[in-house]
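The following paragraphs lead through a single protein model, from its overall architecture to individual residues. Please keep the sequence and the structure in view while reading.

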Amino acid sequence: NIPVGRTVLLMVALNIWAVRLTVNWGRGWSGLRHEDWRYVMLRKDAKVPGWIIDLSAVHLYPTLQVWVACFGMYAALSLGTKALNALDWTAAAVVALAALLQFVADEQMRKHRRTNPTLPCRSGLWGMSRHPNYFGEATVWWGIWLFGVAGNPASWWWTLIGPVSMSGLLRGASTPMMDKRSIERR
């Protein structure tokens, strides 16, 4: 039996993150014709047909990446046998604080772009890190992993692939793409 409290706590934490993500997306959305610049960059830099990039890098790989990163949720909600405990609350705090960090970074960047669109942002969280949003994103996935460990401590080793692979993706692909774009634009 999975403790209802863990399920509720995990869903509340994830909804805080999801609302932040959706609000940020919605505020920057320019309509149905808009395409994320990263997809355009991937196709432009590729030495293969665009449809291969679309299938593999835009659709298949991200779907598999998120599936693997959700192993912690599986361990928490399907395999978890331990009662709701302090590690669950820590995990919820990690996810919620990471989402808050991302929200603050979003707002700081939005304000900066209104006043200094051609200069890099070097104030607030952006003065401490080139990519506070990516740090927050990685931290969310580590929080999800903590939920899995809280519910099923024996799962720690195989669910670790989730946050490690997500952190690797953010560090190895997202950050270099963002840096390249930033150098080109600013």
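Two residues are in contact when heavy atoms lie within 4.5 Å of each other. On that basis, residues 24 or more positions apart account for 81% of those contacts in the protein whose separation is 6 or more. The model from which this value is computed is a predicted one.

The secondary structure consists of nine helices and zero strands. Read along the sequence, the pattern is accordingly α-α-α-α-α-α-α-α-α. Taken along the principal axes, the C-alpha atoms fill a box of roughly 50 × 40 × 30 Å. Of the 186 residues in the protein, 37% are buried.

Helix α1 spans residues 4-28 and helix α7 spans residues 132-151; their axes come within 11 Å and cross at roughly 170°. Because angles over 145 degrees count as roughly antiparallel, α1 is roughly antiparallel to α7. On the side of α1, the contact is made by R6, L9, L10, A13, L14, W17 and R20. Helix α7 contributes N133, E137, V140, W141, I144, F147, A150 and G151.

Helix α4, residues 71-79, shows how several helices meet. Within α4, the residues F71, G72, M73, A75 and A76 are buried. The buried residues of α4 pack against α1, α3, α7, α8 (156-159) and α9.

T7 is located in helix α1, and T7 and M73 are 66 residues apart in sequence but 9.4 Å apart in space, C-alpha to C-alpha. T7 has a relative accessibility of 30% and therefore counts as partly exposed, the class between the limits of 20% and 50%.

Which residues lie closest to the centre of the largest pocket? The largest pocket has a volume of about 2200 Å³, and of the 50 residues that line it, D36, W37, R38, Y134 and M178 are the closest to its centre. The elements that give two or more residues to this lining are α1, α2 (37-45), α3 (50-69), α5 (86-115), α7 and α9 (161-185). Helix α9 supplies the largest share of the lining, with 12 residues. The residues of the lining divide into 25 nonpolar, 10 polar and 15 charged.

V40 belongs to helix α2 and is partly exposed, with a relative accessible area of 39%. V40 and G50 are 10 residues apart in sequence, and their C-alpha atoms are 9.4 Å apart in space. A93 belongs to helix α5 and is likewise partly exposed, with a relative accessible area of 35%. Although A93 and V12 are 81 residues apart in sequence, the C-alpha to C-alpha distance between A93 and V12 is 11 Å.

In summary, the predicted model is built of nine helices without strands.

Key:
Residues are numbered from 1 along each chain as its sequence is written. This is a predicted model: local features need pLDDT of at least 70, side-chain atom pairs count only at pLDDT 80 or more; totals for chains, interfaces and linings use all residues. Side-chain values use heavy atoms; hydrogens and water are left out. Axes are lines fitted to C-alpha atoms, for helices over the stretch in contact, and angles run from 0 to 180 degrees between N-to-C directions. Helices (H or I, at least four residues) and strands (E, at least two) are DSSP runs, numbered from the N terminus. Angles under 35 degrees count as roughly parallel, over 145 as roughly antiparallel, 65 to 115 as roughly perpendicular and the rest as oblique. On a 1 Å grid over the protein atoms alone, a cavity is a set of points where a 1.4 Å probe fits but cannot get out, and a pocket is an open set with protein on both sides within 12 Å along at least five of seven lines; lining residues have an atom within 4 Å of a point. Grid points are joined across faces, edges and corners, and a volume is the space filled by probe spheres set on the points. Ala, Val, Leu, Ile, Met, Phe, Trp, Tyr, Cys and Pro count as nonpolar, Asp, Glu, Lys and Arg as charged, and the others, Gly among them, as polar. Buried means under 20% relative accessible area, exposed over 50%, partly exposed in between (1.4 Å probe, protein chains only).
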